Amino acid sequence: MTCSATDHRAMARALQLAARGLASTTPNPRVGCVLVKDSQIVGEGWHRRAGEAHAEVEALRAAGEAARGATAYVTLEPCVHHGRTPPCADALIQAGVTRVVAAMEDPNPLVAGQGLARLRDAGIAVSTGLMEDEARELNVGFVSRMTRGRPWLRLKAASTLDGKTALSNGVSQWITGEAARRDGHRWRARACAVLTGIGTVREDDPQLTVRAVPCERQPMRVLIDARLDVSLSARLLQDGKCLVAAAVADTEKIAALADRGVDVVLLPNAHGKVDLPALMLELGRRGLNEVHAEAGFKLNGSLLREGCVDEFLLYMAPMLVGDAAQGLFNLPELSQLDRAVRLDLRDVRRIGSDLRLIARPVPA
């Protein structure tokens, strides 16, 4: 596919627009659209939140009659199915658009190339693949749910340079600085849910809400609590927007949680713990695209060992606290380096006085 400088500029702008919905579109993908005619932008739009107009419709409204004969640059294949809104492919056809450039095909089986086919059948020139990597990264969770049936799990942790998350007495506030903590809240804001374990709730009683940055939609909270030990006064339960994953059918506790609007799902494994891969599939069924995990070293290790971690968001503070402090992951001792978990570093940057690393496990 040969693309002009105008094509690249327009798609880059469409991706910028799509990113405006980073924290608001769930469970829908983040999508941007730009309409160009005679090398000029005549309309643009983005999907703001589920149930509202899609990006293409917003751009067509902005363009009006100028959309006829224009090229539409869209970060995801236009939809072809009726949901809460009509098909965008039909809207583009009716508006008289003559060319559509889509960054990527939609992995949703309800679309999956059918939108592009409908456009071609209507005589519209169609191409895909321009800035596809950037578009895929923008919707990494949506792609994960559509192709694997489970959300993209991003594990966030803060540690010292020697890999410690808390002193041996449990003190951990604050290892990282204010800028890093605020950055962590930005990542919370884009997630569909924030996940933690009962150990963290016992020790810290966290709210797990987005507070340090503006946010119009608070993520769901997911608590892994095999024996349903959580106190009914725990702060993360107070608004009812919480799912508890358990392994025991304590009907009295389940009823008490239900009275507070808290949902409980039973997913025991053979060891009496919560089946973590099964939980990931359950979260996918509930329409969650991205899950942001903030837990202790035991659950961190379990999530990693059971293949649930897709990405690490690690903040490292310039301090050393020694071997007796608590580590990042509860993993078994190795006798050979070739059995180590290898990571692909995707981004390394300084946030305030701390270092932020984004990395992904390298497949064995």
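Contact, in these legends, means heavy atoms within 4.5 Å. The structure is a predicted model, in which local features need pLDDT of at least 70 and side-chain atom pairs count only at pLDDT 80 or more, while totals for chains, interfaces and linings use all residues. Residues are numbered from 1 along each chain as its sequence is written, and side-chain values use heavy atoms, with hydrogens and water left out.

**Figure 1. Packing of helices α2 and α3.** Glu56, Val57 and Leu60 of α2 are in contact with Cys88, Ala91, Leu92 and Ala95 of α3. The residues of this contact comprise six nonpolar, no polar and one charged (Ala, Val, Leu, Ile, Met, Phe, Trp, Tyr, Cys and Pro count as nonpolar, Asp, Glu, Lys and Arg as charged, and the others, Gly among them, as polar). Helices (H or I, at least four residues) and strands (E, at least two) are DSSP runs, numbered from the N terminus. The two helices pack at an angle of about 20 degrees, and their axes lie 9 Å apart; axes are lines fitted to C-alpha atoms, for helices over the stretch in contact, and angles run from 0 to 180 degrees between N-to-C directions. Helices α2 and α3 are therefore roughly parallel to each other (angles under 35 degrees count as roughly parallel, over 145 as roughly antiparallel, 65 to 115 as roughly perpendicular and the rest as oblique). The crossing of α2 past α3 is left-handed, a crossing being left-handed if the near helix is turned anticlockwise from the far one by less than a right angle, and right-handed if clockwise.

**Figure 2. The buried residues of helix α2 and their cover.** In α2 (residues 55-63), the buried residues are Ala55, Glu56, Glu58, Ala59, Leu60 and Ala63. Buried denotes under 20% relative accessible area, exposed over 50%, and partly exposed in between (1.4 Å probe, protein chains only). The elements covering these α2 residues include the strands β1 (32-37), β2 (40-46) and β3 (71-74), together with helix α3 (88-95). Gly64, which follows α2, has a positive phi, near 60 degrees.

**Figure 3. Packing of helices α3 and α4.** Helix α4 spans residues 114-121 and packs with α3 at an angle of about 20 degrees, the axes being 9 Å apart. Helices α3 and α4 are therefore roughly parallel to each other. The crossing of α3 past α4 is right-handed. From α3, Ala89, Asp90, Leu92 and Ile93 meet Gly115, Arg118 and Leu119 of α4. By class, the residues of the α3 and α4 contact are four nonpolar, one polar and two charged.

Figure 4. In the loop between α1 (5-18) and β1 lies Pro27, which is joined to Thr26 by a cis peptide bond with omega of about 5 degrees. Ser39 belongs to the loop between β1 and β2. Its phi is near 70 degrees, a positive value in a residue other than glycine, and Ser39 is exposed, at 56% relative accessible area. Leu208 sits in the loop between α8 (198-204) and β9 (220-224). The phi of Leu208, near 60 degrees, is likewise positive in a residue other than glycine, and Leu208 is buried, at 3% relative accessibility.

Figure 5. Asp183 is part of α7 (residues 178-190) and is buried, with 7% relative accessibility. Apart from residues up to four places away in sequence, Asp183 touches Tyr315, Ile351 and Arg356. Between the C-alpha atoms of Asp183 and Ala158 the distance in space is 12 Å, for a separation of 25 residues in sequence.

**Figure 6. Surroundings of Ala247.** The loop between β10 (242-246) and α9 (251-259) contains Ala247, which is buried at 16% relative accessibility. With neighbours within four places in sequence set aside, the contacts of Ala247 are Asp225, Ala226, Leu266, Pro268, Gly272, Lys273 and Val274. Met280 is 33 residues from Ala247 along the chain, and 15 Å separates their C-alpha atoms.

Figure 7. Zero disulfides are found in a search of the whole structure, a disulfide being a pair of cysteine sulfur atoms within 2.5 Å. For Cys215, which is in no disulfide, the nearest cysteine sulfur is that of Cys192, 11 Å away. Cys215 is partly exposed, at 25% relative accessibility. The closest cysteine sulfur to that of Cys242 is also in Cys192, at 15 Å, too far for a bond. Cys242 is buried, with 4% relative accessibility.
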